[in-house]
Amino acid sequence: LKLQFLYFIVPYLKMASSRPKLMIMDDDEDTFRYYTLVKRVPGLIRGVVTDNNLTGEKAEKLERLALEFEGEGEGKVKGPSTPLDHDGYKVMEEYWGKMWRKTPWLHGECYMYHVVAEIMEWKTNNVDYFTKNKDKSVEVCLPAIHTACEGIAKAAPTTETLIKGSLWGNKVDLCLFSDSDTSRMEATDDADIIVNNVAEVVTHVEQSSVKDVHFIADNYGYELFNDLLLIDHLAKEGKTCTIHCKDMPYFVSDTLVKDVIRFAAFLAEQAHEATATFGKRIQSYLESGALKLATNPFWAAPLEFTDMPAAVKSLIAASHLTFIKGDLNYRKLVGDRHWARDHPFDEVVSYFPSPLCSLRTAKSEACVGIAKEVQDRLEALQPWPKWGCSGDFGVIHFWK
């Protein structure tokens, strides 16, 4: 028993001792995280007020919160008035009473969305106050959706093509870009995939023994659509897929369980025949259990994936492959830390309970597994930190 304990615990102890320090929001004013602190976060908070035509107490509370971040704001982190549904508050406890800007970027930014949810009384009314943004993004990308559905109706795309589509769908992120920015949906060159393990992913997922595939979801709209294209393909191959969704409005466009259901219904109701057929097929997967939806408070917690609770870990451990979507999930996967950018990805994620494929367009400074020669090429195109934060470059990491 003692040997078994050591077998399981020693890798975690080694990992903990070798992980670099967390990125703090204001530890470098020339970084994207500092820009997020003083510009993006206040704008996102005020957007909740304008998009929902808020007045009175909620509007006042949100404006006060925005001012806590803005400019030289010295707002301090406060504990929630009611307990959170996860252990994230335990991580945040040491920062209560300190300025937001002195919190780790990952933890502070995630916790901010919980403060907004409390102000908006999410747990009481279950109203998604980001719905307007989400629906506008779907309206804008609908022509591209119709074109894609026509294409798959004529000829079945390859697994590789669909994985790449799922990657580039992540470029459309409403907490970073406008909900009317169609340029984020334009075709992207393979040269912009700066880590490309797609061949290994295809070989793995196409094995007959791989029956259960999970997706840790990111954005609603165009990204979710591209994920569903891949899920449709996998379901036709007899695989069961599970989408893990957020349990609260989060980072503007993150996908909730009800978002998947209503998006499938929206597609099924389209006058465009190919799109309607695709939407009805997704609905049939939901009805048959070929596509399952799951949620847990952990996915929206201000925690890294190394903090994964046992109940979530057991679900993911049953997966034969887990697609980890997007930049925030990548930050949680590797840790929002001061890694050397060429630090081996395999070493960082070796704790994860299943084989994984990280599909991420780079929108933050957290970065591992990028070869130095690739970094040199990127420096000539977009000097750091721009190439790490612009969303123009993607990674397809695979580990098992």
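## The largest pocket

What volume does the largest pocket have? The answer is about 610 Å³. To find such spaces, a 1 Å grid is laid over the protein atoms alone; a pocket is an open set of points with protein on both sides within 12 Å along at least five of seven lines, while a cavity is a set of points where a 1.4 Å probe fits but cannot get out, and lining residues have an atom within 4 Å of a point. Grid points are joined across faces, edges and corners, and the volume is the space filled by probe spheres set on the points.

So who lines this pocket? There are 29 lining residues, and His114, Val115, Ala117, Glu118 and Ile119 lie nearest the centre. H5 gives the largest share of the lining, six residues, and H3, H5 and helix H6 (122–125) each supply at least two. By class, the lining has 13 nonpolar, six polar and ten charged residues. Here Ala, Val, Leu, Ile, Met, Phe, Trp, Tyr, Cys and Pro count as nonpolar, Asp, Glu, Lys and Arg as charged, and the others, Gly among them, as polar.

## About the model

This is a predicted model, where local features need pLDDT of at least 70 and side-chain atom pairs count only at pLDDT 80 or more, while totals for chains, interfaces and linings use all residues. Residues are numbered from 1 along each chain as its sequence is written, and side-chain values use heavy atoms, with hydrogens and water left out. Helices (H or I, at least four residues) and strands (E, at least two) are DSSP runs, numbered from the N terminus.

## H3 against H5

Back to two helices from the pocket lining. The axes of H3 (residues 56–69) and H5 (residues 105–119) come within 10 Å and cross at roughly 165°. Axes are lines fitted to C-alpha atoms, for helices over the stretch in contact, and angles run from 0 to 180 degrees between N-to-C directions. H3 and H5 are therefore roughly antiparallel (over 145 degrees; under 35 is roughly parallel, 65 to 115 roughly perpendicular and the rest oblique).

Lys58, Lys61, Leu62, Leu65 and Phe69 of H3 touch Met112, Val115, Val116 and Ile119 of H5, with contact meaning heavy atoms within 4.5 Å. Seven of these residues are nonpolar, none polar and two charged.

H7 (residues 131–154) and H11 (residues 257–268) have axes that come within 13 Å and cross at roughly 40°, which makes H7 oblique to H11. This crossing is right-handed.

For H10 (residues 222–236) and H12 (residues 273–288), the axes come within 11 Å and cross at roughly 65°. H10 passes H12 in a left-handed crossing. The meeting residues include Phe225 and Leu228 in H10 and Phe278 and Tyr285 in H12.

Most residues other than glycine have a negative phi, and most peptide bonds are trans. Asn53, in the loop between helix H2 (32–51) and H3, has a positive phi near 50°. Trp384 and Pro385 are joined by a cis peptide bond, with omega about 10°. Pro385 sits in the loop between helix H16 (372–381) and helix H17 (386–389).

Terms used. Left-handed = near helix turned anticlockwise from the far one by under 90°.
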